[in-house]
Amino acid sequence: MIENDSPAGQVAACRPGYLADLADGVDRFFEPRRTACPWCGSAALRTRLRTTDLLQHKPGRFVLDGCRDCGHTFQNPRLTPAGLEFYYRDCYDGLGEKSMSGMFEGNRAGYRSRAELVRGFGEPGEWLDVGMGHGHFCREAGELLPGTKFDGLDLSDGVELAQRKGWVRTAHRGAFVDLAGELGGRYDVVSMYHYLEHTPDPKRELTAARTALRPGGLLAIELPDPECRWAKVLGRWWLPWLQPQHLNLIPIGNLRAELAARGFTVVTEQRGEPHAAIDVLAASVMAVNALTIGGEDLAWRPAPPGGLRRILRKAAFVACVPVFVLAAVLDRISAPFGRKRGWSNAYRVVARRDDTGG
């Protein structure tokens, strides 16, 4: 008998809801296909990537198009709000909360690096972290900046969990573009770390950030770099593509121009320092996972896998441990050189809100 609070029991409890959602297929989760770039309006589009959900393995196929004129890369057709809810469900919370929390926990050095970059401009009084996930950055940054009060904003219940743990002072749950007016002029820093790529309209998010900041306040952004050469080498197995969650991948030049248009001045940027040396390892793990996915118990499949498939999946991962070790070594060896030659998989920008303007 399966206990309801066991992993198998939790999956079984979620299965009826997923199967009901999938009864009419996944086409309803997509908007009509765009014929123009959502960033610059150009019709000069090319298909950059076709892939599936390599993280949760929910059904559906996804396309990323690139603009030949401005370089913007975007999901096309894009997910509807119902589609976003379906594909995000049980990823960062619910069934996926434990695994994601462990992944976030392992990025402590990255969190400190983000906070130190902003600290170079003085210790802020109040800081809003938008798209904060489970709040691990705020916990780590709070130790580095003990005089700063951290608030968090997110759509998931992770923000409320962080407040209960004392990692943030105030939890704002909802969409930033809807809540920005209530937060007007309140913060010295607004951070968006790996957040804008998840949003349907990043330009509106930048406007919301300006609204929430005091004049002279700082906007700190970290994003996947779609100009990273690993993206071409690894193709669909490059982790930062992260379909279907990443809707927009923004070249740094486009972000600079948009910040200037919205009354910001870029005060510093990092092209190599944010690099996470995991490209080859992540690709190898995703590939093995995809090849053995029939052995994983997934709530969006009609029934759990049989015993033989489960065993074969575990055996495949054990057999591939040497491959994973070699991939991790390659990541480590290449990281110091790659950060100087356009191989960094992320970039950071810090911009100051101008004192004048709307």
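**Group meeting: a walk through a predicted model**

Let's start with helix α8, residues 202-212, which is mostly covered, with 8 of its 11 residues buried. Buried here means under 20% relative accessible area, exposed means over 50%, and partly exposed is in between, using a 1.4 Å probe and protein chains only. The buried ones are Pro202, Lys203, Glu205, Leu206, Ala208, Ala209, Arg210 and Ala212. Helices are DSSP runs of H or I with at least four residues, strands are E runs of at least two, and both are numbered from the N terminus.

Quick housekeeping. This is a predicted model, so local features need pLDDT of at least 70 and side-chain atom pairs count only at pLDDT 80 or more, while totals for chains, interfaces and linings use all residues. Residues are numbered from 1 along each chain as its sequence is written, and side-chain values use heavy atoms, with hydrogens and water left out.

Gly184 sits in the loop between α7 (176-179) and β7 (187-193), and it is partly exposed at 43% relative accessible area. Its C-alpha is 7.9 Å from that of Arg214, and those two are 30 residues apart along the chain.

Now for helix packing. The axes of α11 and α13 are 7 Å apart, at an angle of about 155°. Axes are lines fitted to C-alpha atoms, for helices over the stretch in contact, and angles run from 0 to 180 degrees between N-to-C directions. Angles under 35 degrees count as roughly parallel, over 145 as roughly antiparallel, 65 to 115 as roughly perpendicular, and the rest as oblique. So α11 and α13 are roughly antiparallel to each other. On the α11 side you'll find Asp279, Val280, Leu281, Ser284, Val285 and Val288, meeting Val323, Phe324, Ala327, Ala328, Leu330 and Asp331 of α13. That contact divides into 9 nonpolar, 1 polar and 2 charged residues. For those classes, Ala, Val, Leu, Ile, Met, Phe, Trp, Tyr, Cys and Pro are nonpolar, Asp, Glu, Lys and Arg are charged, and the others, Gly among them, are polar.

Helix α13 (residues 321-338) has another partner, α12 (residues 307-319): their axes come within 4 Å and cross at roughly 45°. That makes α12 and α13 oblique to each other. The contact uses Phe317, Val318 and Ala319 from α12, plus Val321, Pro322 and Phe324 from α13. By class, that is 6 nonpolar, no polar and no charged residues.

Have a look at Ile278 too, in the loop between β10 (264-270) and α11 (279-291). Ile278 is partly exposed, at 38% relative accessible area. Not counting residues up to four places away in sequence, Ile278 touches Leu239 and Asp331.

On a 1 Å grid over the protein atoms alone, a cavity is a set of points where a 1.4 Å probe fits but cannot get out, while a pocket is an open set with protein on both sides within 12 Å along at least five of seven lines; lining residues have an atom within 4 Å of a point. Points are joined across faces, edges and corners, and a volume is the space filled by probe spheres set on them. How many cavities of 30 Å³ or more does that rule give? The count is 4. The largest cavity has a volume of about 80 Å³, and its lining, including Trp238, Leu239 and Met286, divides into 7 nonpolar, 3 polar and 1 charged. The second largest pocket is about 170 Å³, with 4 nonpolar, 3 polar and 5 charged lining residues. Strands β1 (45-52) and β2 (61-67) each supply at least two of its lining residues.

Most residues other than glycine have a negative phi, and most peptide bonds are trans. Asn76 and Pro77, though, are joined by a cis peptide bond with omega about 5°, and the bond from Gln243 to Pro244 is cis as well, with omega near 10°. Asp90, not a glycine, has a positive phi of about 65° and is buried at 11% relative accessibility. His194, also not a glycine, has a positive phi of about 50°, but His194 is partly exposed at 28%.

Note on methods:
Contact means heavy atoms within 4.5 Å.
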